[in-house]
Amino acid sequence: MNTIFRKSMLSVAGLAFAGGVFAGPIAAHANPVDAKPTAVAVQSAAPKPQGEQSHISLNDEQTANVKAIIAATKKAGLPERAAVISIATSLQESKLENLGHLGDMNDHDSLGLFQQRPSSGWGTPEQITDPEYATTAFLKGLKQVDGWQDMALTDAAQTVQVSAYPDAYAQWEQQAADLVGQHWNS
């Protein structure tokens with residue numbers, strides 16, 4: 001009885017397979033006019049934002065700095081992901097404000113959009129308070145990070161910046177991505 005049952009199940013499975021092989025392609029082309037498009041989710045190569053996201057409203061100066069970062073990224077021949085990482089980094093470091101010397105509130109001699117330090121070799125104070133120069137310097141560091149395109153944003157930014165708060169960059173990823181989406185082609 002066990003052998004008969006097994007043969008019966010194999011026969012049914014074989015018929016189901018054969019029916020699928022032969023009917024599948026035929027059925028797929030039976031009524032092309034009645035076919036409805038199916039939505040397909042396309043995954044981005046970029047990782048999804050990590051953790052809770054922060055957001056600030058931007059003034060005209062901050063928006064101009066976003067555009068300067070995007071322009072420098074394009075000039076360097078880098079993709080949108082590099083601009084997202086750059087903008088998120090600047091959001092964390094300076095809230096997209098081109099900071100000069102802040103006196104007692106200054107973090108050592110950190111200046112500009114990325115809080116780069118002349119004493120660490122980022123450039124002169126005049127250079128690192130120039131948004132194009134500062135972004136190009138940041139991007140130069142980013143390009144030296146193996147696999148930055150596929151890294152979590154906070155890991156890529158931290159490798160370049162060497163911040164005392166390495167996870168803080170992640171909170172700005174969504175706003176940075178939105179800003180790049182809004183201004184990349186403008």
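Predicted model: local features only at pLDDT ≥ 70, side-chain atom pairs only at ≥ 80, totals over all residues.

Reader: What makes up the pattern of the chain, read along the sequence?

Author: The pattern reads α-α-α-α-α-α-α, in keeping with a count of seven helices and zero strands.

Reader: Which element has the lowest mean pLDDT, and which the highest?

Author: The lowest mean, 44, belongs to helix 1 (residues 2-28), while helix 2 (residues 60-75) has the highest, 98. Over residues 1-44 the pLDDT stays under 50, and for this stretch the model has two contacts beyond four places in sequence. The chain as a whole averages a pLDDT of 80, with 70% of the residues scoring at least 70.

Reader: Why is Thr89 called buried?

Author: The term applies to residues under 20% relative accessible area, and Thr89 has a relative accessibility of 0%, so Thr89 counts as buried. Thr89 has its place in helix 3 (residues 80-94). Across the chain of 186 residues, 33% count as buried.

Reader: Which residues is Thr89 in contact with, leaving aside its neighbours within four places in sequence?

Author: Thr89 is in contact with Phe114, Phe138, Ala157, Gln161 and Tyr169. Two of these partners, Phe114 and Phe138, are themselves buried.

Reader: How many aromatic pairs does a search of the whole structure find?

Author: The search finds one aromatic pair. It is formed by Phe114 and Phe138, whose ring centres are 4.9 Å apart.

Reader: Why is the pair of Phe114 and Phe138 called stacked?

Author: Two rings pair if their centres lie within 6.5 Å, and they count as stacked if their planes are under 30 degrees apart; the planes of Phe114 and Phe138 are at 10 degrees, with the centres 4.9 Å apart, so the pair is stacked.

Reader: What parts does this pair tie together?

Author: Phe114 lies in the loop between helix 3 and helix 4 (125-128), whereas Phe138 lies in helix 5 (residues 131-143), so the pair ties together parts that are 24 residues apart in sequence. Among contacts in the chain between residues at least 6 apart in sequence, 60% join residues at least 24 apart.

Note on methods
Residues numbered from 1 in each chain as written. Heavy atoms only, no water. Helix = DSSP H or I, 4+ residues; strand = E, 2+ residues; numbered from the N terminus. Buried < 20%, exposed > 50% of the residue type's maximum accessible area, 1.4 Å probe, protein only. Contact = heavy atoms within 4.5 Å. Phe/Tyr/Trp six-rings, centres within 6.5 Å; stacked < 30°, edge-to-face > 60°. pLDDT = per-residue confidence, 0-100.
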